[in-house]
Amino acid sequence: MKKCVLVTGGAGYIGSHTTVELIGAGYDVIVVDDLSNSDASAVSNVEKITGTRIPFYRFDCNDTDKMRDLFDRHRVDAVIHFAAFKAVGESVEMPLKYYRNNLGSLTSVLTAMDEKGVPSIVFSSSATVYGQPDTLPATERTPLQKAGSPYGATKQMSEDIISSVACAPNAKIKAIALRYFNPIGAHPSALIGELPKGVPNNLVPFITQTAAGVRECLSVFGDDYDTPDGSALRDYIDVVDLAKAHVAAISRLVEGRGKAPFEYFNVGTGKPLSVLELIHAFEKVNGVRVNHKITGRRAGDIEKIWASTELAEKELGWHAERTIEQTLASAWAWEKHVRGIK
Ligand code: NAD
Ligand code: WQD
């Protein structure tokens with residue numbers, strides 16, 4: 001019988017791509033999302049891509065009664081918990097909004113899982129838990145730094161909560177946290193992608209909107225870092241590759257192949273790219289100009305980080321496959337689709 005995965009935040013950027021890959025791998029999927037940062041059309045577009053009807057529930061994961069009710073109605077084998085707020089800057093201004101939603105929704109989901117006997121969870125963590133590591137690449141053994149924002153703190157605390165729950169005596173739940181580096185790009189169909197509300201905080205949506213003429217000029221935040229071209233280094237991971245990492249993590253859990261009740265893995269490419277290199281690669285592969293200027297550093301930014309991918313390769317049998325050119329072409333195709341550009 002097919003295994004069934006509940007995807008919280010499944011109308012969002014990474015959740016929608018993961019739903020496509022789960023269905024492609026033979027899982028049944030149920031989506032819960034309150035649409036606080038997404039649109040229901042993402043779920044219908046996933047239905048179009050996969051040719052599969054997806055049960056969709058619109059509610060807030062903090063509502064434990066609704067979560068219990070869902071588990072009573074459906075036999076769920078595992079949960080992937082994406083539902084959270086993610087804007088770093090906003091979390092500094094409105095910390096309680098982040099602590100309430102990110103920690104509240106997680107504890108609510110875990111409570112309902114525990115009561116209803118749902119045994120497995122994959123959690124969306126982030127490379128933000130590492131801060132600026134002393135040595136690179138960041139491995140899973142790299143010590144975590146004090147969180148740079150309330151958002152980052154919620155990811156560290158969430159990992160601690162999950163670890164306590166999974167490692168408790170007589171624990172019924174096993175868990176994997178995936179620490180994403182910088183997810184970018186869109187599905188090759190251009191039917192789903194990232195939909196930032198207002199002015200984008202992240203680099204690639206700002207690049208695509210500048211290329212589309214929605215933004216006048218991209219600011220490159222700093223060219224005086226200790227890096228080959230002076231701009232900051234990151235590990236940009238294609239969202240479809242990232243989605244596939246979730247399928248690998250879910251399979252490990254449902255097939256009982258985990259080596260500990262709580263495991264965590266980096267999800268990146270292992271290849272650092274600078275801001276300027278990314279802009280130039282985007283211009284080259286898409287044949288468009290991205291108007292940009294160098295400005296000062298952005299407060300709170302780190303200089304450089306990239307992933308060690310060894311553990312994910314060894315334990316999950318997963319590695320990134322898409323090239324940066326394919327990824328940046330997909331990001332531009334998605335922006336053109338959203339803006340109606342031919
Ligand atoms: P997203 O905002 O596109 O998706 C999150 C979805 O969760 C949205 O559809 C939103 O409406 C929903 N949601 C939020 N709170 C909810 C709640 N209480 N109940 C029900 N639904 C709720 O974000 P994303 O980029 O797809 O990120 C998904 C997860 O991955 C988040 O946990 C985020 O912190 C984490 N993450 C994202 C990145 C990134 O750069 N995108 C990097 C590392 C980790
Ligand atoms: C990438 C690089 C910027 C915008 C954030 C979160 C992290 C994770 C991923 C969730 C940096 C530079 C950016 C612009 C620029 N999210 N930049 N001009 O900051 O690495 O990580 O998203 O967990 O937690 O902190 O990603 O895309 O914002 O920036 O020069 O207009 O691009 O300075 O060097 P970041 P980003």
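This is a predicted model: local features need pLDDT of at least 70, side-chain atom pairs count only at pLDDT 80 or more; totals for chains, interfaces and linings use all residues.
I began with the strand order. Seven strands make an open sheet, E3-E2-E1-E4-E5-E6-E11, with parallel pairing. I then looked for the edges, which are strand E3 (56-57) and strand E11 (262-267), each pairing on one side only. I noted for reference that strands of a sheet pair through backbone hydrogen bonds, either parallel or antiparallel.

**Entry 2, pairings around E4 and E5.** I went through the bridges. E1 and E4 are joined in the parallel sense by 4 bridges, and Val5 is opposite Ala78 of E4. E4 and E5 also run parallel, with 3 bridges between them; Ile80 has Val122 in E5 as its bridge partner. For strand E5 (residues 120-126) and strand E6 (residues 174-180) I found 7 bridges, again in a parallel arrangement. Ser120 is partnered there by Lys174 of E6.

Helix H3 (residues 64-73) lies across strand E1 (4-8), strand E2 (28-32), E3 and strand E4 (78-81). H3 runs at about 160 degrees to E1.

Is Asn102 buried or exposed? Its relative accessible area is 3%, which is under the 20% cut-off, so I list Asn102 as buried. The side chain of Asn102 makes a polar contact of 3.1 Å with that of Thr154. Beyond four places in sequence, Asn102 is in contact with Ala84, Phe85, Tyr151, Thr154 and Ser158.

I counted 27 residues around ligand 1, with Asp33, Asn37, Ser38, Asn101 and Tyr151 coming nearest. I then listed polar distances. One oxygen atom of the ligand is 2.8 Å from a backbone N or O atom of Ile14. A polar backbone atom of Ser36 is 3.0 Å from an oxygen atom of ligand 1. For Asp60, a side-chain N or O atom lies 2.9 Å from a nitrogen atom of the ligand.

A side-chain N or O atom of Asp301 is 2.5 Å from an oxygen atom of ligand 2. A nitrogen atom of ligand 2 is 2.7 Å from a backbone N or O atom of Ser219. I also noted 3.4 Å between an oxygen atom of the ligand and a polar backbone atom of Asn201.

I checked the length of H11 (residues 324-339). At 1.5 Å a residue its 16 residues should span 22 Å, and the end C-alpha atoms are 23 Å apart, which agrees. Buried in H11 are Thr327, Leu328, Ser330, Ala331, Trp332, Trp334 and Glu335. Their cover includes strand E7 (182-184), helix H7 (203-211), strand E10 (236-238) and helix H9 (275-286).

Methods:
Residues are numbered from 1 along each chain as its sequence is written. Chains are lettered from A and ligands numbered from 1 in the order in which they are written. Side-chain values use heavy atoms; hydrogens and water are left out. The expected span of a helix is 1.5 Å times one less than its number of residues. Buried means under 20% relative accessible area, exposed over 50%, partly exposed in between (1.4 Å probe, protein chains only). Contact means heavy atoms within 4.5 Å. Two strands pair if DSSP finds at least two bridges between them. Axes are lines fitted to C-alpha atoms, for helices over the stretch in contact, and angles run from 0 to 180 degrees between N-to-C directions. A polar contact is a pair of N or O atoms within 3.5 Å; within protein, one must be able to donate a hydrogen and the other to accept it, and residues adjacent in sequence count only if both atoms are side-chain atoms. A residue is near a molecule or strand if one of its heavy atoms lies within 4 Å of it.
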